[in-house]
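Morning, everyone. I have a few minutes on one structure. Please look at the screen.

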Amino acid sequence: MRRIFYRCFQKIMYLLSFLMPFKEPKVMYHLEEVSKILANHHKHQIFIATDAFLAETSSFKLMMNHIQDRGMNTSVFSKTMPNPSIELIEEAYRQYRDNNCDAIIAYGGGSVMDLAKVVGARVVKPKLKIERMKGILKVRRKLPLLIAIPSTVGTGSEATAAAVVSNPMTSDKYAIMDPVLIPNYAILDVEVVKSLPKHLIAETGMDTLTHAIEAYIGKANTSQTKKYALEAIRIVFNDLEKAYQGDLEALKNMQIGAYKAGVAFTRAYVGNVHAIAHQLTAYYQLPHGYSNGVILPHVLRYYGDSIKRQLREIQSVVSPNDIGHNLNPKKDLIDLIDDLKKSLKIDDCFHQIIKQSDIEDIVKKAYKE
C-alpha cells in the first residue's frame, strides 16, 4: 500500500509540475557581469555567501572590486561549512537582515548555494522556521535577486529548485524544494574553478554524472530534461578525466555539464543514490559527490532489468563509435562508470566508515526520502 501511495503521489506531482513556474537562470560566463547585473537591478546592499577559503581567492577579490567600484556596499558571510546547519543559516539570515541587504550572491559550492537559497527564503518568509520549509512548495514567494557562481563542477545547484539543510542534533538532512529557489543568474567563469583540487574535480564531476543519470532513468523526466541529462552525461565521459588531468577547456565544459545536469534533475528529480548519499553525509560528514560516486554503480546494478532500456540509450551516447573516445565498447555503461571512477581514484566502497549500529536508521531515513 505504501508503494502504491508513493507512486500515485509521484504521478500527481509529475502532472502538476507542468503548471509550476520552472525557469532556467540566465547564464553568463564572466565574473565582471555580476556588477552589471546588480546595477541593472538597482541593488545597493549586497549579501555575499561564500566560505573562508574562497573569500581569499583572487577571483573572489576581483569580483568584490567590480562591485565596490560601482558604489555598492557588501556584507560577506564566509562561515559556510559543508552541509549547512539550521543554526548557521539563521546566523547568515540575521547578517542579511541587520545590514539591510537587497540582493544575494552565492559564491561557492553546493553548500554555499544551499545556505544562500534558504537565507532568501527566510527573507521572504520571516515567520516561517526553516524546519517548516522542509518538503515541497513551502516558500512560494519570489526571493531577492539571487546570483549563483559555482566554484565546483558538480552540484548543479546554480540551476536547481532545491536547497539541502542539515540538523546536527538529529543527524537529519532534508531538502526544501520550490521553483522560487532557482537562481536568477548563473555565472560559469572558468577562472573560479581553474584552481580546483583534483580530488574535488573528481568528486563533483561524479556528482554531475549521478544527477544526469538519475534524472534520465527516473519517471518524472520530460523531453527537455532527457536532452539535458544526455548532454551532461556525454560531457562527463568526454571531459571529466581530462579536467582531472588539468585540461582547462575540459574543465570549462564540465561547468556546462554540471549546469545542464542541474536543470535536468531539478525538474526530473534524483533517486535512491542521492537518498542514501544524503544520509551518509549527514552521519559521517562525507563529501556529497564522493558518496554519490561510490554508490552509483551499486544502485544501478541493483535496479537490474528495470532500467535496461534507459542504460542502453545512455550507452549509445557514450559509445566510442558515436563520440570517438577510446573506452571499450564491449563494456556496459556501469562498467564504464567503474572505469571512470578508477581513473579518478574514487573508491568502490566505504572502507570502515559506516557503523553497523547506524545502518537501520540510515536505511529508514533513506527510504523515507
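I'll go through strands first, then rings.

This is a predicted model, where local features need pLDDT of at least 70, side-chain atom pairs count only at pLDDT 80 or more, and totals for chains, interfaces and linings use all residues. Residues are numbered from 1 along each chain as its sequence is written, and side-chain values use heavy atoms, with hydrogens and water left out.

Start with strand β4, residues 103–108. Strands are DSSP runs of E, at least two residues, numbered from the N terminus. Six of the six residues of β4 are buried, so the strand is largely enclosed by the rest of the structure. Buried means under 20% relative accessible area, with a 1.4 Å probe and protein chains only.

What does β4 pair with? Two strands pair if DSSP finds at least two bridges between them. Strand β2, residues 45–49, runs parallel to β4 over four bridges. Strand β6, residues 145–150, is also parallel to β4, over six bridges. Look at A106: its bridge partner is A49, and A106 also stands opposite A148 in β6.

Next, an open sheet. Three strands, in the order β5-β8-β7, with mixed pairing. β5 (135–136) and β7 (162–167) are the edge strands, each pairing on one side only. Two bridges join β5 to β8, residues 172–177, in parallel. There, G135 has I176 as its bridge partner.

Now the rings. K198 has its charged end over the ring of Y244, 4.5 Å from the centre. K260 lies over the face of Y228, at 5.8 Å from the ring centre. The cut-offs: NZ of Lys or CZ of Arg within 6 Å of the ring centre and within 35 degrees of the ring normal.

Notes: Buried means under 20% relative accessible area, exposed over 50%, partly exposed in between (1.4 Å probe, protein chains only).
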